[in-house]
Amino acid sequence: MRRTTGRLVRGITLLSVLALGATACGSSDDSSDDSKPVSAGDITAALEKGGTVNVWAWEPTLKSVAANFEKKYPKVKINLVAERSGDKHYTALSNAIAAKKGVPDVAQVEYFALSQYSLTKGLSDLAPYGADKLKAQYTPGPWNAVSDGDKVYGLPMDSGPMAMFYNKKIFDKYKIAVPTTWDEYVTAAEKLHKADPKVYIANDAGDAGFTTSMLWQAGSRPYKVDGTKVSVNFEDAGAKKYTDTWQKLLDKKLVSPINGWTDDWYKGLGDGTIATLTTGAWMPANFVSGVPQASGDWRAAPMPAWTKGDKASAENGGSSLALPELGKNKELAYAFVEYANSGDGVQTRVDEGAFPATVKQLQDPAFLSKKFDYFGGQEANSIFADSAANVASDWSYLPFQQYANSIFNDTVGKAYVSSEKLTAGLKSWQDASIKYGNEQGFTVEQ
Amino acid sequence: MSSSVTTTSPDAAAPATGGSKGAARLRTRKQHTPGRPKRSILLTALTSLVLIYTVVPLIWLVISATKTQTGLANSSGVWFSSDFALWQNIHDTFTYHDGIFVRWLLNTLLYVVLGAGGATLLAILGGYALAKFTFPGKRAVFAVVIGAVAVPGTALAVPTFLMFSKMGLTDTPWAVIIPSLVSPFGLYLMWVFATEAIPTELMEAARIDGAGEIRTFFQVALPLLAPGTVTVLLFTTVATWNNYFLPLIMLKDPNWYPLTLGLDAWNSQAQTIGGDVVTNLVITGSLLTIIPLIAAFLLLQKYWQSGLAAGSVKE
Amino acid sequence: MTTLEPPVAAERAPARAVAKRDHRSWTGWGFIGPFVAVFALVFLAPIGYSIYLSLFRDQLIGGNSFVGLDNYTQALKDDQFWDSLTRVSLFLAIQVPIMLGIALLIALALDSGRLYGKDFFRIAIFLPYAVPAVVATLMWGFMYGTKYGLVGDINSAFGVTLPDPLSSDLVLASIGNIVTWEFIGYNMLIFYSALRVIPLSLYEAAEIDGAGQFRVVTAIKLPAIRGALVIATIFSIIGSFQLFNEPAILRPLARNAITTDFTPNFYTYSLSFNGQQHNYSAAVAIIMGLITMVIAYVVQLRGMRKGA
């Protein structure tokens, strides 16, 4: 026994030393903080010279954009790697950055995850490339998400101003008015469920993105971020508005406990047992592809308000294209990002069903009057554009929102499956987020 | 003579049971010899219960593979929908996204041939060494193997990724193949099989005939190890075919994906803004993924039978 | 005995003696060398690297610093870790005996030659092992659905209300069911192959003694495959302690019941991939590895001593 362990220990020590050597070699100082402006001429020269740009992005419409870009600049090749989204995408990105190898030149990063990468110096500041001059092109919500002072960490690709999608067939069948405020929403929920116990006004099994968006609209600002100083507080007046209302729905079991984006969810949206869905304006494309059987049943409406007549809205989802610090071909990479998110690429993407973040497209009469067959010919974009214009300002996510969201169901989740209250769930989410922030070296205030 | 065999042999393998129990209790008079037993309906019925348990989910898979995306949403999972779309689904699976499914299938085959084949070979060599040779450090080998396997793999993923990245292996087939080459369980099985199946006297005889170690291994040991080899090959093949977590970390380029990652990518399209929901192709693709394994099993089964007939084992 | 060895090998004293006398040399390394080399690359080196990492703490703000054994002391006081360990221990105590018991019975039934359609049973029961975990969970997720799934169909067909298999109370059992389903065939095949290499002479002797089927099983078959039983138990213990795939893939259907610290392996994954806490994750993994090793070792020792 002793001999065995002795050898084991020796072997492991040897390997650790090897590993230590490997990391020591790997960590090189990168003090290349190049904030020198890059002229339009530099970019044009790079485009003429050509090269390959590696892009990690799952946004489906980028396929056509890349093809058009290559047609316009024949010497540039866009290598679009598109198979992975969400957590798996960030895992790959973080791993590549940690290994300092295989980092893409352009990466899709959702708004909520941007600050985590910019804070750890994972992303290039795009202001020197002229991105800071594009501010006026975008609606305030997305621009607020990609910029930090005079630094710009990505160009907004799409946005998710929120709206309420509702199953008109069901509301008509039970002769229930479509709610315009959250109080009416609760009443409608009761009526619907009474009329048919199988029907729920919505599904909600606890979703971090939805909850934060609801808080956003209700005027709550739980996260305050100032450099490395952050605070987390779910006890302001806005949060109380949300929890009071939503607790009613949970207590009376008026929301269906189906998790979003699952098979059951798509089925529920299709068969009328989920009567409304409050989410981002990008949803129509998913309706068409995921719920084809309910074509014609659904309509879009403005998000219910907290007080009658209030138009305040919020964002849900949406993402940007950013340039990882360790990527190559910066000029080419920026040229592509600008083409896709500010230039001709935007129209291509809108034509294929993406929801833009650019003012020009949002105000385009052709865009606003587009008839959605899926929504029975409704000109839904006008509702979405109106929402985009009314997104409440000043919202910010935590610089570690990805982690915070990952533990949402561990904490707030209890309010959905037990007698625990939403406020208590949010409190434990707050505590866990603060604990993590402290562990990561942030200065956290309550 | 008879009692001495029955008592000593099992006891040789189980010293703690004690020699006194054995012979005294052998009193029954039934004459069902192990080679020619009577079939039992009751036993078959009981086993069928387990069969139902294992097969019902697979039946769901087969039924679901016959449905279109709309059919899946509208019909109950336990029976066919009115539209029978199996052939269309198979066609679409092979042609979706420029036929990338075929590429994933070929990748998986490559990983299986090199990964599972290599793993089996290394396990045979290692098991043979552990069973038939005494060498310095022998006792430590398996202790270290078990100890290393006991460390949760998810925590090792990032260190492994960083190492492989430094070696330039990430995003290449090697990142999948090299880790597949190690099958601790295969090593153990081969150790047991080799201990049982290769009489040391045979090896002695070969050596006396002047055969070198390599020739002894190939001509004497390898044929005797056939049944064990088939079992290990089967396990490593399935393990490589279903490999998911490590390729997920190691590969970014979809052109090198195995089938599991590809199906997972299609499945996650349903969770992506603007994504194309193709549950029907995920299900049909899953079914198509399992079929080659069943074929492999049936094929290996044949060798298994012949291997069993090779001697030193019953029947 | 100080090391893990297959019991059969250890007890074959005569064969061993021959080997020892004639071939105590480095020849063995020629055969096992390739395995050990690859093993060192894909297991030992990352473990060594993890041990190294576990001595540091890398913060989003403030960077990397050496912290000695702080991560280990933190882990030992970490309720989330101990809760997850308790959960898999419960899982282990119930699921493993059921799975191995059924697998053994099936293997014995197949080996008895008393089944109709033996080959069919063998392949059909093995089949679930061939199903990738992603697909298996997709299928069981459907079965468990109280709305559109099999449970829902049963509820509406018989007018009953079965408990939700994905609720917090039942989700561990539901995962146990998936794991059992996946691995019955696998373990069955291990036992079956072990049964197939029992020397015919043992049976002949039993036949002459007039031993019954049951007696043949307890006196000959079980002792002979004890090595396989012990190792299957050890690998099942390791598998239970490392439970990850099934809860991870099932989680989208039951986010509130399957927390990110549901099992130790899930916890290290969440720490590492969601929280970027690679260092702490490594420390938890090393502790978990040590615990698993000790238990596997104890099972090995007991399995050696006790009769089947």
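How many bridges join strand 7 of chain A to strand 12 of chain A, and do the two run parallel or antiparallel? There are 5 bridges, and the strands run antiparallel. Keep in mind as you look around that this is a predicted model.

**Around strand 7 of chain A**

Let's stay with that strand for a moment. Strand 7 covers residues 162-167 of chain A, and 6 of its 6 residues are buried. Its partner, strand 12, takes in residues 276-280 of chain A. If you want a spot to look for this pairing, Phe165(A) stands opposite Leu277(A) in strand 12.

Strand 7 of chain A has another partner too: it pairs with strand 13 (residues 298-302) of chain A, again in the antiparallel sense and over 5 bridges. Here the place to look is Asn167(A), which stands opposite Trp298(A) in strand 13 of chain A.

What about the side chains? In a regular strand they alternate between the two faces of the sheet. In strand 7 of chain A, Met162(A), Met164(A) and Tyr166(A) point one way. Ala163(A), Phe165(A) and Asn167(A) point the other way, and residues of both sets are buried.

**An open sheet in chain A**

Now for a sheet elsewhere in the chain. Strands of a sheet pair through backbone hydrogen bonds, either parallel or antiparallel. Chain A has an open sheet of 5 strands in the order 2-1-3-14-6, with mixed pairing. At its edges are strand 2 (76-81) and strand 6 (155-156) of chain A, each of which pairs on one side only. Further in, strand 1 (residues 51-56) and strand 3 (residues 106-110) of chain A pair in the parallel sense over 2 bridges. Within that pairing, Val55(A) stands opposite Val106(A) in strand 3 of chain A.

**Chain A as a whole**

Zooming out, chain A has 21 helices and 15 strands. Its radius of gyration is 24 Å, close to the 22 Å that the globule rule gives for 446 residues, so chain A is as compact as a globular protein of that length. Along its principal axes, the C-alpha trace of chain A spans about 70 × 65 × 40 Å. Of the 446 residues in chain A, 52% count as buried. Among contacts in chain A between residues at least 6 apart in sequence, 76% join residues at least 24 apart.

**Domains in chains A and B**

| Chain | Domain 1 | Domain 2 |
|---|---|---|
| Chain A | 40-159 + 317-362 | 162-314 + 385-445 |
| Chain B | 38-84 | 97-308 |

In chain A, 29 Å separate the centres of domain 1 and domain 2, taken over C-alpha atoms. Where the two meet, 17 residues of domain 1 of chain A are in contact with 15 residues of domain 2 of chain A. On the domain 1 side, the elements giving two or more residues are helix 5 (111-119) and helix 6 (140-146) of chain A. Helix 5 of chain A gives the largest share of that side, 5 residues. By class, this side of domain 1 of chain A has 7 nonpolar, 9 polar and 1 charged residues.

In chain B, the centres of domain 1 and domain 2 are separated by 30 Å, again over C-alpha atoms. Their contact takes 8 residues from domain 1 of chain B and 7 residues from domain 2 of chain B. Helix 3 (41-64) and helix 4 of chain B are the elements that give two or more residues to the domain 1 side. The largest share of that side, 3 residues, comes from helix 3 of chain B.

**Where the chains meet**

So far we've looked inside single chains. Which chains touch each other? Chain B and chain A do, with 33 residues from chain B and 36 residues from chain A in the contact. The chain B side gets two or more residues from several helices, including helix 7 (153-166) and helix 14 (259-268) of chain B. That side divides into 14 nonpolar, 13 polar and 6 charged residues.

Chains C and B also meet: 120 residues of chain C are in contact with 106 residues of chain B. On the chain C side, helix 3 (residues 27-53) of chain C gives the largest share, 20 residues. This side of chain C has 81 nonpolar, 25 polar and 14 charged residues.

**The largest nonpolar core**

One last stop: the largest nonpolar core has 329 residues, and Phe336(A) and Phe191(C) touch the most other members. Helix 9 (residues 171-196) of chain C gives this core its largest share, 16 residues. Leaving out residues up to four places away in sequence, Phe191(C) touches Ala103(C), Leu104(C), Ala107(C), Ile225(C) and Ala228(C).

Definitions and conventions
Residues numbered from 1 in each chain as written. Chains lettered and ligands numbered in written order. Predicted model: local features only at pLDDT ≥ 70, side-chain atom pairs only at ≥ 80, totals over all residues. Pairing = 2+ DSSP bridges. Helix = DSSP H or I, 4+ residues; strand = E, 2+ residues; numbered from the N terminus. Core = buried A, V, L, I, M, F, W, Y, C linked by C-beta atoms within 7 Å. Buried ≥ 20, exposed ≤ 12 C-beta atoms within 10 Å, placed from the backbone. Nonpolar A, V, L, I, M, F, W, Y, C, P; charged D, E, K, R; others polar. Rg over C-alpha atoms; globule rule 2.2 N^0.38 Å. Domains from an automatic or database assignment.
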